[in-house]
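User: Hi, I'm new to this one and would like to go through it slowly. Could you show it to me and start with the terms I'll need?

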Amino acid sequence: MKSILVLLVGLIPLFSFLSSEASDVNRTAKGSAILQSSRIPDDESTIIAFFSYPPLAHIAPSGRLSGTVIETVREICSEAGLNCEFKILPVARVYRSVSDHTASAIITGRHPSFGDCCTTSDWQFPWSAGIYSRLPPEHMTISESELKGHRMIVIRGWESPYRYFKDLAALSESGAIKLAMAKDNHSAVRMLQHGRAEYLWGGKHFSWYFEKKGLGDVFHYTPLIQAPLAIWVDKRRPDIRQALDEGYQSLKARGALSSDGSQLKADLMKARYEEPARY
């Protein structure tokens, strides 16, 4: 009996080594972020809301959601072991979706107002907003006084124009500045194209629309505000935010992201990205 006990005691380090080695192999194969799946049930869907914003987020002809941001965040979710479901909603509904519990996270620009409900993940995507016009950029040092007597297109639900032009709401109510309200990016671009206003408040990537329409040299963009996109996660779900962060860091570590870490590297993006159904 004594010899058997000695043998078993001697095998303990071997069992420990084999267990550790198997764990390391499993971790390497699946990615350390996948370990978050033990905290979040496999059958739980993580709803992430964003608004239509080609080429960042849109519906492809196949009906699948795609876009440079969607494909990147989808890959982060996969690396994290999260079952993410993306929803494209009107802007105002995106902002409400966390507070009314219809989404666990939203993708939007960094803004202090979201700090009450949410925390941001490590991933971010460079984004800016400003003015589009037929005027050349050197003639577009835009201020509220320069907008007076003119008409500007803004998208219903966007907060950024009111953040930059602090008195825009009051000037609009008084009639000093005419605001033309668009329901989405697509409508806003068409309104500017057809002369409904002299100016359009939009994002940097609106240039994609004009290029698709062969109007890249007609409308010019002046950036006025910088607000990187981020994943804002419901504060009540720190497990989801941690999983997303680990998934993001794992993708970075294995070289699956662009040099600035904002999106999938070119070959991966090409394999996953689908063009939008309309523009």
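Analyst: Two strands pair if DSSP finds at least two bridges between them, and strands (E, at least two residues) and helices (H or I, at least four) are DSSP runs numbered from the N terminus. This is a predicted model, in which local features need pLDDT of at least 70 and side-chain atom pairs count only at pLDDT 80 or more, while totals for chains, interfaces and linings use all residues. Residues are numbered from 1 along each chain as its sequence is written, and side-chain values use heavy atoms, with hydrogens and water left out.

User: OK, what stands opposite Tyr 199 in S10?

Analyst: Opposite Tyr 199 of S10 stands Met 152, and strand S8 (residues 151-155) runs parallel to S10, joined to it by two bridges. Strand S7 (residues 128-133) pairs with S10 in the antiparallel sense over four bridges, and there Tyr 132 has Leu 200 as its bridge partner.

User: What's the order of the strands in that open sheet?

Analyst: The open sheet has five strands in the order S9-S8-S10-S7-S11, with mixed pairing. Strand S9 (178-182) and strand S11 (220-226) are at the edges with a single partner strand each, so one side of each has no neighbour in the sheet. S8 pairs with S9 in the parallel sense over five bridges, with Val 154 facing its bridge partner Met 181 in S9.

User: Switching topic, how much space lies in the largest cavity?

Analyst: The largest cavity holds about 160 Å³ of space. On a 1 Å grid over the protein atoms alone, a cavity is a set of points where a 1.4 Å probe fits but cannot get out, and lining residues have an atom within 4 Å of a point; the points are joined across faces, edges and corners, and a volume is the space filled by probe spheres set on them.

User: Which residues lie nearest its centre?

Analyst: Of the 14 residues lining the largest cavity, Tyr 95, Thr 108, Gly 109, Trp 127 and Ser 160 lie nearest its centre. Strand S5 (105-109) and helix H5 (160-164) are the elements that give two or more residues to that lining.

Note on methods
1 Å grid on protein atoms, 1.4 Å probe; cavity = no way out; pocket = protein on both sides within 12 Å on 5 of 7 lines; lining within 4 Å.
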